[in-house]
Amino acid sequence: MNKIAKFFLSVFVVLCFSSSVLAEGLTIIDPWARPVIIEGRPGAAYFIIRNDTAMADKLVKATSPYAGRIELHVHKHENGVMKMMQVSSIPVAAHAITSVSPGGYHLMMFDLNKKLALGDELPLTLTFEQAGVMNISAKILKKALFQK
Ligand SMILES: [Cu+2]
């Protein structure tokens with residue numbers, strides 16, 4: 001390979017690498033949350049994370065103007081008992097999806113300052129380690145539209 005071809009190849013490699021560093025191509029699909037009618041009850045929000053990039057990513061933080069605090073949780077079976085645990089992040093592998101859905105990962109919202117009625121929208125700000133901050137809006141539903 002001559003020097004010029006090598007130069008263009010290295011530029012091409014750098015460009016490809018930097019576009020995956022930017023981690024564009026993370027998509028949040030069908031965000032929804034359960035209704036919360038009784039004051040003081042925590043809420044739960046769900047969605048699917050699709051990662052079309054070549055880099056693993058993870059959700060590290062979630063906030064909402066409607067919630068005092070949002071924790072990342074997972075449900076786990078332990079000795080036949082369903083337990084809920086707080087986790088520091090929700091991972092999504094490269095070119096993969098992670099389902100944040102009932103019985104698994106979920107966002108648990110505490111100190112809600114607003115009732116969440118059917119048809120309402122819940123604004124959420126998600127922070128990913130690679131993709132950065134994403135603003136989404138979760139529909140208040142009894143259950144996911146995409147569930148069978
Ligand atoms: Cu929980």
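## Strand E2 and its partners

Let's start with E2 and strand E8 (residues 105-112), which pair in the antiparallel sense over three bridges; strands are DSSP runs of E, at least two residues, numbered from the N terminus, and two of them pair if DSSP finds at least two bridges between them. Here alanine 45 has leucine 107 in E8 as its bridge partner. This is a predicted model, where local features need pLDDT of at least 70, side-chain atom pairs count only at pLDDT 80 or more, and totals for chains, interfaces and linings use all residues. Residues are numbered from 1 along each chain as its sequence is written.

E2 (residues 43-51) also pairs with E1 (residues 26-33), antiparallel over six bridges, with isoleucine 28 bridged to isoleucine 49. Strand E7 (residues 96-100) runs antiparallel to E2 and is joined to E2 by five bridges; there, isoleucine 48 partners serine 99.

## The nonpolar core

Ala45 and Ala62 are among the residues with the most contacts inside the largest nonpolar core, which has 27 residues. Such a core is a set of buried Ala, Val, Leu, Ile, Met, Phe, Trp, Tyr and Cys residues joined through C-beta atoms within 7 Å.

Alanine 62 touches residues including Ile70, Leu107 and Leu126; contact puts C-beta atoms, placed from the backbone, within 7 Å.

## Aspartate 52

Moving on, aspartate 52 sits in the loop between E2 and E3.

Key:
Helices (H or I, at least four residues) and strands (E, at least two) are DSSP runs, numbered from the N terminus. A residue is buried if 20 or more other C-beta atoms lie within 10 Å of its own, exposed if 12 or fewer, and partly exposed in between; C-beta atoms are placed from the backbone. Two residues are in contact if their C-beta atoms, placed from the backbone, lie within 7 Å. Lists of a residue's contacts leave out its neighbours within four places in sequence.
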